[in-house]
Amino acid sequence: MKRREIQNDPLERLFVRAREERVPDDGFTQRVVGRIVIPPSRNSYRVPTLATAFASVLVIVWMAFSGFSVTDFTARLSREQSGGIRLIPQSWTIPNTQKEDTNTPNHADN
């Protein structure tokens, strides 16, 4: 229910007179606002912007000197799309890393 729809609100009755009463300001607001010192802008957006530009230039230089080829990259992507890019393995089996001991006799041979 909205505040305006409440009938006989006790807060409304308490503050009706206070709302009508005028509080003398005598320039207090102007003095307070005049004393507020706004610090100069630090331009905090510059550091992330410059870092992004620097990283972008590094990536472009690395691509140019590493022999990166856009056509090879797009061809590789199109080949992988046919089989799909797997983010998880097809089987979740854990390979057996224990070596079989050849010195122990096999009980089935007895």
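A search of the whole structure finds 1 salt bridge, a term that stands for a side-chain nitrogen of Lys or Arg within 4 Å of a carboxyl oxygen of Asp or Glu. The model is a predicted one, in which local features need pLDDT of at least 70 and side-chain atom pairs count only at pLDDT 80 or more, while totals for chains, interfaces and linings use all residues. Residues are numbered from 1 along each chain as its sequence is written, and side-chain values use heavy atoms, with hydrogens and water left out.

The salt bridge is formed by the side chains of arginine 19 and glutamate 12, at 2.8 Å from N to O. The two side chains are also joined by a polar contact of 2.8 Å (a pair of N or O atoms within 3.5 Å; within protein, one must be able to donate a hydrogen and the other to accept it, and residues adjacent in sequence count only if both atoms are side-chain atoms). Arginine 19 lies in helix 1 and counts as exposed at 57% relative accessibility, whereas glutamate 12 is partly exposed at 38%. Buried means under 20% relative accessible area, exposed over 50%, and partly exposed in between, with a 1.4 Å probe and protein chains only.

The protein has 4 helices and 0 strands, in the order α-α-α-α from the N terminus. Helices (H or I, at least four residues) and strands (E, at least two) are DSSP runs, numbered from the N terminus. Of the 110 residues, 1% count as buried. The accessible surface comes to about 11900 Å², and 59% of it belongs to carbon and sulfur atoms; areas come from the Shrake-Rupley method with a 1.4 Å probe, and for residues only the protein chains shown count as cover.

Aspartate 26 is located in the loop between helix 1 (10-20) and helix 2 (28-35). Its phi is positive, about 50 degrees, although aspartate 26 is not a glycine. Most residues other than glycine have a negative phi. Aspartate 26 is exposed, at a relative accessible area of 69%.

Phe28, Val32, Val33, Ile36 and Ile38 make a nonpolar surface patch of about 520 Å². Patches consist of residues with over 30% relative accessible area and no salt bridge, with like charges joined within 9 Å and nonpolar side chains (Val, Leu, Ile, Met, Phe, Trp, Tyr) within 5 Å. Isoleucine 38 sits in the loop between helix 2 and helix 3 (46-65) and is exposed, with a relative accessible area of 73%.

Helix 3 contains 20 residues and spans 28 Å from its first C-alpha to its last, close to the 28 Å expected at 1.5 Å a residue. The expected span is 1.5 Å times one less than the number of residues. Glycine 67, with a positive phi near 80 degrees, follows helix 3.
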